[in-house]
Amino acid sequence: MASLPDETLRKILVQIQQTAIQSQRALNLTKQQTAAKERERRILQLTIDEISGMELDVNMYKGVGKMFVMVPRPEMEKDLKSQEKELSDDINGLNKKTKYLEKQFNDAQSQLRDIFNSAPKS
């Protein structure tokens with residue numbers, strides 16, 4: 001590293017710092033999205049539990065825009081379960097993205113540490 005000109009080292013440092021900052025921002029955003037999806041999934045699970053505890057002849061209504069439409073119970077349960085599966089898939093994808101971003105951030109930090117530890121002491 002000592003053989004590289006100062007300007008080149010500076011550019012490398014800036015690039016690694018930018019990668020670390022971008023990774024950290026994306027990581028925070030991904031964690032927020034995961035938390036929101038988890039919250040939605042918990043609400044759906046509670047709704048499914050409540051519906052399954054009701055009598056079979058209870059009327060079910062689904063919100064469509066500003067109105068409500070009566071929906072048969074099996075269709076309502078099917079819709080809710082498909083939404084739950086979709087949210088679970090989204091959460092799994094976000095968890096994979098989180099792991100990737102954490103690795104990218106840790107790699108950038110270790111590169112910065114290596115550069116500063118190998119820098120000549122003046």
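Which pattern does the chain follow, read along the sequence? The chain follows α-β-β-α.

**Before you start**

This is a predicted model, where local features need pLDDT of at least 70, side-chain atom pairs count only at pLDDT 80 or more, and totals for chains, interfaces and linings use all residues. Residues are numbered from 1 along each chain as its sequence is written, and side-chain values use heavy atoms, with hydrogens and water left out.

**Stop 1: the whole chain**

The chain has two helices and two strands. These are DSSP runs numbered from the N terminus: helices are H or I with at least four residues, strands are E with at least two. Turn the view around. Along its principal axes the C-alpha trace spans about 80 × 25 × 15 Å. The radius of gyration of the chain is 25 Å, while a compact globule of 122 residues would have one near 14 Å. That radius is taken over C-alpha atoms, and the globule rule is 2.2 Å times the number of residues to the power 0.38. Of the 122 residues, 21% count as buried. Buried means under 20% relative accessible area, exposed over 50%, and partly exposed in between, with a 1.4 Å probe and protein chains only.

**Stop 2: the two helices**

Select residues 6–52 for helix α1 and residues 73–118 for helix α2. The two pack at an angle of about 160°, with their axes 7 Å apart. Axes are lines fitted to C-alpha atoms, for helices over the stretch in contact, and angles run from 0 to 180 degrees between N-to-C directions. α1 is therefore roughly antiparallel to α2. The cut-offs: under 35 degrees is roughly parallel, over 145 roughly antiparallel, 65 to 115 roughly perpendicular, and the rest oblique.

Now colour the contact by residue type. The residues of the contact of α1 with α2 divide into 20 nonpolar, 16 polar and twelve charged. Here Ala, Val, Leu, Ile, Met, Phe, Trp, Tyr, Cys and Pro count as nonpolar, Asp, Glu, Lys and Arg as charged, and the others, Gly among them, as polar.

**Stop 3: the hairpin**

Select residues 60–64 for strand β1 and residues 67–71 for strand β2. They pair in the antiparallel sense over five bridges. Two strands pair if DSSP finds at least two bridges between them. Pick Y61: its bridge partner in β2 is M70. Then go to the turn. β1 and β2 form a hairpin with two residues between them. G65 in that turn has a positive phi of about 65°.

**Stop 4: across the helices**

Select Q18, in helix α1. Is Q18 buried or partly exposed? Q18 is partly exposed, with a relative accessible area of 45%.

Move to F116, in helix α2. At 49% relative accessibility, F116 counts as partly exposed.

**Stop 5: along α2**

Select E77, also found in helix α2. E77 counts as partly exposed, at 25% relative accessibility. Draw a distance to D114, 37 residues away along the chain. The C-alpha atoms of E77 and D114 are separated by 55 Å.

Finish at S88, in helix α2. S88 counts as buried, at 19% relative accessibility. S88 and R113 are 25 residues apart in sequence and 37 Å apart in space, C-alpha to C-alpha.
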